[in-house]
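Take a walk through this structure, one region at a time. Keep the sequence at hand while you read.

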Amino acid sequence: MAHPLVLRTLSAVGLTLAALVASPLPLPISLQQTAIARDGSHQIQSGDFRLDFDERGVSGLANPGDRFGAQLIAPGGRLGAVVKYRVEGGDWLDIYQDSPRLDASPEAKTLVYTNDTTGTVLKSVQTFRTDGNVLDWTIDVANRMDFPVEIGDFALALPWRPPSGEDPDAIFERSWTKHQFISGDGSFIYFVRPNGEPPYLVMTTLPGTKLEYCNSPGGRGNVFQAFVHSALTGGGETRGTWRLRHTNLMLAPSGGQKSAVRYGVRFRWAQSYDGMRQVLFDEGAFDIRVVPGMTVPEDLTADIALHTRARIDAVRAEFPDQTTLSDLGERKPGYHFYRVAFRRLGENCLTIVHDGGRETMLEFFATEPLETLIKKRTKFITTRQQHRDPSKWYDGLFSVYDMREKVLRGPDNTDGFDYWWGYVVAADDPVLGKAPLVASKNVRFPDGAEIASLEYYLEHFVWGKLQRTDKESPHPWGLHGVPNWKEARDPQLRARSSNANLDKMKIWRSYDYPHIVMLYYHMYEIATKYPSLVHYLDADGYLERAYQTARAYFTYPYEILPWYETYKWGCYNELVILDLIDTLQRAGATEKAAWLRGEWEKKVKYFVYDDKYPFRSEYAIDRTAFESSYALAKYGATHDMAPDHNLWFDKNTKRWYSHPAVRREDSRSFMDRQLLAGLAVRGWLEPAYYLLGSDFTGSSDTGSLSYMANMGGWGILDYGINFASAPWDWLQLGYASYLSSWALMNTGRAETNYGYWFPGPENDGASGWAFATAKWGRAWIRKDVPRGPWHYDGEIDLGYGAGIRMATTLVTDDPLFGLIAYGGTLRADEMRLEVVPRDGLRQRFCAILPAQGPAAASEPADAPAGLKARATPSRSATGLRTGLRKIRLEFERDGFAAEAPIAFDPTLCRVTFSIENRTADRHRTGVRLFLPPGESYKLRVAGRRVALQSTDSFDYPFRAEFEVPAAGASAELVRR
């Protein structure tokens, strides 16, 4: 007979076979006494849990209160155990589980599956029991033989239901994204549906159970295995590295001490992210917060808050001689605070030793300073990743770099990226995102050689080749797509890799256009600010190309191949079109600005009104959407748009879209919905550098840290700064997202051999495309990869470009951490605060602090429903909670002086700073400002009063322009 569950008294050692078989059990009952599910299985329901089961196992796990009725377990799947064992000198064998005996007790809400067959080596008992609040699943394994048995694998098999198919309701309402923190005794897993709505399901380990390894045999979407012991599967994989030890388990002969073992996990539902954090705390695990993130530049520190009921015995640094770890005490009941600084570049672990020897590991990554990373990256692209050979059709191309072989790839050195796959080395997002990043950096830190590299690319690879000229007909300004411009322009060459649409000009790929718009727009900015550094076109020429390329974006893809639904898909970097519109308006090109604005507003209205789940791309679900979806929501929430009738005709659905009522509030509501959906594909509770702030689609089983860590993270950080009633969670997650993917860069100094991942001076400044989280696996680009960054850079430069949009030094008074600085170092006393900006750009500063003066008028508002409890505080018209004051400054050129503090008082009545002149010549620069509403400030630069001009910008309602001396200047902003 099976063993009943004894809550909270489980032990992983010391059980005997006699103990397993002698315990009393409720009498088994007939399955006919249980509820029958529609698929013929049986059900037990209590409180928050409904279990479907049959004689073979538990086939369904759901919350009866879930309005979508989502099942966690995939069709045909069952919760189970994977146990592999051997006897001395023998082969590895699977535990025999072919003839389970089921004992079902609906009254006790208990299911017991026993495998105890004569002639087998091991007995197993799986017990599921719920009281309506929790579901406990325990697995007992006992040795039946009079000789020892080695267990090489002991894993929980979770056949979860990932997003799949094409039905939006099925994807976003009835499937799940999976988040895991596999890190020893404090491990946990949680599940969120892709639309982000609660309830959420959390799985924690019971005492005595740790998780040390995981995999998904067969790839994403199959059974997920969480290993308690992994010596066979994990330890047997000799390729790649793993940060936790692969362990085995020896079972003593039957009847002896340690001849049996019990492991278990607990499931609980939660209604918010704070609710999930409370579950972690209640169950003796760790609710962990780290600011500013777990990718930590060496010139910054990280603060850690461990919220736990566990008894912390010690926190050990992996490299104590190169780590400064300070215990800041238990400043708040249940919270233990630490501060850490790393001097060893690369991976660094902190191990929490707790509860008498249990261990939970926190994985950090230390980088060079952010400004160093940004400058190294763009220098590497322009000096190591550009083909310069006038005899080649791809002269000027920025291509992908292979860190493993230390070589630049290209059309004549493809490493297998041939035919359709040739886009990886010569087109599309892996290639077209590099030049816009370089251009964006050079708006902030101009470098003549880098700008010359960009103009060479434009003259020799883009114009008249990748991009059709203004003289080519039909379709001037169009962009030739996959696999490269040479093949896309030649129908015969196209036939080598495509069997359809050969009658259409191949300029339909929507995603290509915003990259080139961004490039031209930033070249316009460079030409405006530093005219002596550009030689190919002047500012007007670059602005015209930016406009015409943006116009082609909204015209050609949908016109030529309507499958590319430009108005329905979020495309990376398209938010730059908003800056282009404003610039055209200021330049007097009002008709051009109006045309682009009209097209942009078509897209805003579609996302807000016409599609319940517009979070897709070419794929039915894609995290790619969440930069654009936030930008579209923000535009609608801050601009008045006119109602319309028959605004545009959908060629695919054969319908007109009309919007008889258009309100800012509707866009604001959509903003909250898209943020929650974005959290579903982003690490938030998982404290590891490759998970916290990182993106993924269905799970992080095999990969994380793509370009969307930054691109989607931009919206989260912007929301925290501009809209959130209680901004601190959003600031924490947004900044962690900004920092996260810099861990992909391979940089260092001579003493570190210029890189952690792929050492050598040749790779100093190179980057990975994404992060392989599995010990060893195969990336979708058809390359075998060990744990760590892929050896190609590919699309990551899209993310770094978004990172430049995010970089800011931000000071706030966090309810948990107190006064903290993101992207800077802070000194504070009662009357004065000083922050040294180290965010990578030194161009943006923001302070969000408690008001100690008159509070702004407030209006009610709600946070996204799943993040916090339902009741939320009021906020001001700027989005901030009543009682908070905010100041923001952003330089249009130049920046804050390096290592010079920005000083301000706690009331934000006075801010002083030093201006760095980055070109060492006398010129004019502009500063954009957000000031506390209803208050008046005056600005002085070099002792001279500077007028503040009102603007129509939501982010920066004021602007000032002034002359900067060659040596820089001091400035002060003072409330009147």
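**A helix, a sheet and some salt bridges**

Helix α11 covers residues 512–529, 18 residues in total, and its first and last C-alpha atoms lie 27 Å apart, close to the 26 Å expected at 1.5 Å a residue. The model is predicted. Is α11 buried or exposed? Of its 18 residues, 17 are buried, so the rest of the structure largely encloses α11. The cut-off behind that word is a relative accessible area under 20%.

Now turn to an open sheet. Four strands build it, in the order β19-β21-β24-β23, and the pairing is antiparallel. At the edges sit β19 and β23 (323–332), each pairing on one side only. From one strand to the next, the twist averages 20°.

Five bridges join β19 to the antiparallel strand β21 (residues 302–307). Across this pairing, valine 291 stands opposite aspartate 303 in β21. Helix α3 (residues 273–282) packs on the sheet and touches β19 and β21. The direction of α3 makes about 120° with that of β19.

The peptide bond from valine 291 to proline 292 is cis, with omega near 5°. Proline 292 itself sits in the loop between β19 (287–291) and β20 (295–297). Another cis bond runs from serine 473 to proline 474, with omega near 0°. Proline 474 belongs to the loop between α8 (448–462) and α9 (485–488).

Strand β19 also carries a charged contact. Which side chain does arginine 289 meet in a salt bridge? The partner is aspartate 729, at 2.8 Å from N to O. Arginine 289 lies in β19 and aspartate 729 in helix α18 (residues 728–740), so the pair ties together parts 440 residues apart in sequence. Both ends fall under the 20% cut-off for buried. Arginine 289 has 9% relative accessibility, and aspartate 729 has 7%.

There are 86 salt bridges by the count used here. One of them joins aspartate 718 and lysine 634, at 3.0 Å from N to O. This pair links distant parts of the chain, 84 residues apart: aspartate 718 is in helix α17 (residues 708–722) and lysine 634 in helix α15 (residues 625–638). Both aspartate 718 and lysine 634 are buried.

Further along, glutamate 892 forms a salt bridge with arginine 959, with the closest N and O atoms 2.8 Å apart. Glutamate 892 lies in the loop between β43 (884–891) and β44 (895–896), and arginine 959 in strand β51 (residues 958–964), so the pair ties together parts 67 residues apart in sequence. Arginine 959 is partly exposed, at 27% relative accessibility. Glu892 and Arg959 are also members of a salt-bridge network, together with Arg844, Glu890, Arg924, Arg928 and Glu961.

Asparagine 646 has a positive phi of about 50°, although it is not a glycine. Asparagine 646 lies in strand β29 (residues 644–650) and is partly exposed, at 32% relative accessibility. Alanine 920 is not a glycine either, yet has a positive phi of about 55°. Alanine 920 sits in the loop between β46 (910–916) and β47 (923–930). Is alanine 920 buried or exposed? With a relative accessible area of 56%, alanine 920 is exposed.

Notes
Residues are numbered from 1 along each chain as its sequence is written. This is a predicted model: local features need pLDDT of at least 70, side-chain atom pairs count only at pLDDT 80 or more; totals for chains, interfaces and linings use all residues. Side-chain values use heavy atoms; hydrogens and water are left out. Helices (H or I, at least four residues) and strands (E, at least two) are DSSP runs, numbered from the N terminus. Buried means under 20% relative accessible area, exposed over 50%, partly exposed in between (1.4 Å probe, protein chains only). Two strands pair if DSSP finds at least two bridges between them. Axes are lines fitted to C-alpha atoms, for helices over the stretch in contact, and angles run from 0 to 180 degrees between N-to-C directions. Contact means heavy atoms within 4.5 Å. The expected span of a helix is 1.5 Å times one less than its number of residues. A salt bridge is a side-chain nitrogen of Lys or Arg within 4 Å of a carboxyl oxygen of Asp or Glu.
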